[in-house]
Amino acid sequence: MATQLYRLLPLLFLPFVLFRHGASPPPLSQHTVTGGDPGRHPVVLLPGNTCSQLEARLTDAYQPPSPQCGAAKGNGRWFRLWKNSTAMQDPELAPCLSDQLRLVYDPVARDFRNVPGVETRVLGFGSTRGFLADTPANQDLCMGKLVEALEKGGYRDGETLFGAPFDFRQAPAALGQPCRAFSQFSRRLRALVEHASRKNGGKPVVVMSHSQGGYFALEFLNRSPLPWRRRYVRHYVMASIGPGGFLLSMQLLASNPSAALSSGSAFIALPSPKVFGPDAPLVVTRARNYTAQDIPEFLTAIGLPRLAVTLYQTRALPVKLNFRAPVVPTTCINGVGVPTMKELVYWDGNFSKAPEVVYGDGDDLILLESTLALDTVIGDDPRQEYYKSIKLAGTSHAGVVSDGAALERVISEILGVHE
Ligand SMILES: *[C@@H]1O[C@H](CO)[C@@H](O)[C@H](O)[C@H]1NC(C)=O
Ligand SMILES: *[C@@H]1O[C@H](CO)[C@@H](O)[C@H](O)[C@H]1NC(C)=O
Ligand SMILES: *[C@@H]1O[C@H](CO)[C@@H](O)[C@H](O)[C@H]1NC(C)=O
């Protein structure tokens with residue numbers, strides 16, 4: 001399935017999607033929330049990569065790669081672009097899907113945008129329904145089990161429980177770099193948080209993110225005025241993310257460099273020099289090693305143009321270096337104790353080949369080093385009054401929001417049992 005997806009959608013950069021699943025979690029009834037508390041704080045959820053659903057319509061400006069891809073041109077109708085399993089599995093429609101999902105970098109606007117003639121929108125902003133897509137796998141990956149458990153405990157979608165899906169092909173860009181997608185998302189999330197609070201007697205909200213949603217939530221919080229954060233955010237629960245990025249994003253880039261410039265998020269998860277120092281070789285070849293400080297050289301070595309290096313240095317790296325305390329009460333929850341990519345060995349320097357992988361400790365995506373760095377980056381910030389890091393032994397990246405015991409832990413944090 002994974003290889004098929006990559007073949008059909010070579011441009012779709014999916015660094016946060018995990019195709020490996022552990023043992024299935026215990027039945028849901030085991031983590032029912034104690035309900036009926038009228039004093040509960042509203043909850044806003046941000047899911048991981050590829051969980052949000054996208055709709056598209058094609059205008060006359062669209063230049064389809066084949067006539068079939070342009071069949072819906074100009075009819076004004078919105079259709080499901082992601083996740084569209086029918087199109088994904090149809091050999092004639094799959095290239096259309098690839099073309100329409102692709103982003104292009106516009107050097108005049110200095111921003112990523114859709115291919116001309118493709119308009120997109122996120123489905124169901126405000127609700128958790130949008131990201132509980134039709135595929136059962138999303139139940140595990142996309143907070144489906146968490147939503148179910150919260151609803152069993154009395155939370156109601158649109159009343160006390162809200163969803164903030166986002167265009168996962170994009171990523172927050174550094175301050176001063178245009179990023180229409182993130183600006184628009186931030187405006188909508190701000191309005192949603194205020195709405196959720198208003199609907200619940202003015203109570204501040206609990207924001208909870210999983211994986212890639214954490215980049216959006218953290219940047220959103222950090223760019224919101226401090227008085228606003230203090231007024232509206234009671235607790236931020238950040239699952240399965242650290243300030244360090246991860247090695248899988250290097251491997252995906254090496255195996256498919258052409259995808260790098262068709263996605264606005266290809267560089268956001270590259271290992272950060274803030275966490276991985278000048279001595280830790282991440283990519284090993286006979287001729288030379290690449291550390292987190294050598295990412296520009298690595299991007300050049302895998303065949304990317306100068307523009308890619310510039311975009312990494314100006315748009316992505318400053319965001320990573322600026323991963324910082326949100327200055328609202330924060331709990332970080334990460335899996336540990338699962339083999340996680342630590343070094344990629346391309347001994348003969350051929351990046352088109354599958355590398356040999358050296359494993360370390362982590363959640364199967366995020367290394368323990370990155371999780372531990374949360375303690376210094378967020379925990380040691382003197383402005384950060386409440387910070388807690390929960391490390392769940394033997395829990396995977398996706399398991400944090402789907403395995404039984406992990407879910408219970410997450411839910412008790414959401415409910416404020418931490419105080
Ligand atoms: C899936 O994609 C195909 C081809 O683009 C389109 O015709 C169809 O309407 C889409 N499905 C949904 C549910 O929108
Ligand atoms: C690359 O890193 C490995 C350790 O993983 C080390 O043994 C080797 O000497 C390094 N090579 C160079 C050229 O620095
Ligand atoms: C690199 O590896 C790929 C895949 O195995 C192969 O097709 C290609 O010829 C190799 N390139 C060189 C320069 O050896």
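**Largest pocket**

I began with the largest pocket of this predicted model, which holds about 630 Å³ of space. I worked on a 1 Å grid over the protein atoms alone, where a pocket is an open set of points with protein on both sides within 12 Å along at least five of seven lines, a cavity is a set where a 1.4 Å probe fits but cannot get out, and lining residues have an atom within 4 Å of a point. Grid points are joined across faces, edges and corners, and the volume is the space filled by probe spheres set on the points.

I listed 27 lining residues for the largest pocket, with Asn114, Thr120, Arg180, Ala181 and Gln184 nearest its centre. At least two lining residues come from each of strand S4 (103-106), strand S5 (111-114), strand S6 (118-122) and helix H6 (180-199). H6 gives the largest share, 8 residues. Helices (H or I, at least four residues) and strands (E, at least two) are DSSP runs numbered from the N terminus.

I sorted the lining of the largest pocket by class and got 13 nonpolar, 5 polar and 9 charged residues. Here Ala, Val, Leu, Ile, Met, Phe, Trp, Tyr, Cys and Pro count as nonpolar, Asp, Glu, Lys and Arg as charged, and the others, Gly among them, as polar.

The largest cavity has a volume of about 110 Å³. It is lined by 14 residues, and Phe112, Gly264, Phe267, Arg315 and Ala316 are the closest to its centre. Helix H11 (residues 306-321) provides the largest share of this lining, 3 residues. By class I have 10 nonpolar, 3 polar and 1 charged for the largest cavity.

**Ligand 1**

A backbone N or O atom of Arg80 is 2.8 Å from an oxygen atom of ligand 1. In the side chain of Asn84, an N or O atom is 2.3 Å from an oxygen atom of ligand 1. Ligand 1 alone exposes 360 Å², of which the protein buries 50%. Accessible areas come from the Shrake-Rupley method with a 1.4 Å probe.

**Ligand 2**

Around ligand 2 I found Pro281, Val284, Asn289 and Glu343. A polar side-chain atom of Asn289 is 2.3 Å from an oxygen atom of ligand 2, and one of Glu343 is 3.2 Å from an oxygen atom of ligand 2. On its own ligand 2 has 360 Å² of accessible area, and the protein covers 39% of that. Its shell divides into 2 nonpolar, 1 polar and 1 charged residues.

**Backbone**

I noted a cis peptide bond from Trp82 to Lys83, with omega near 5°. Lys83 is in the loop between strand S3 (79-82) and helix H2 (85-89). Thr50 is not glycine, yet its phi is positive, near 65°. Thr50 is in the loop between strand S1 (43-46) and strand S2 (54-58).

**Conventions**

Residues are numbered from 1 along each chain as its sequence is written, and chains are lettered from A and ligands numbered from 1 in the order in which they are written. Local features need pLDDT of at least 70 and side-chain atom pairs count only at pLDDT 80 or more, while totals for chains, interfaces and linings use all residues; side-chain values use heavy atoms, with hydrogens and water left out.

Key. A residue is near a molecule or strand if one of its heavy atoms lies within 4 Å of it. A polar contact is a pair of N or O atoms within 3.5 Å; within protein, one must be able to donate a hydrogen and the other to accept it, and residues adjacent in sequence count only if both atoms are side-chain atoms.
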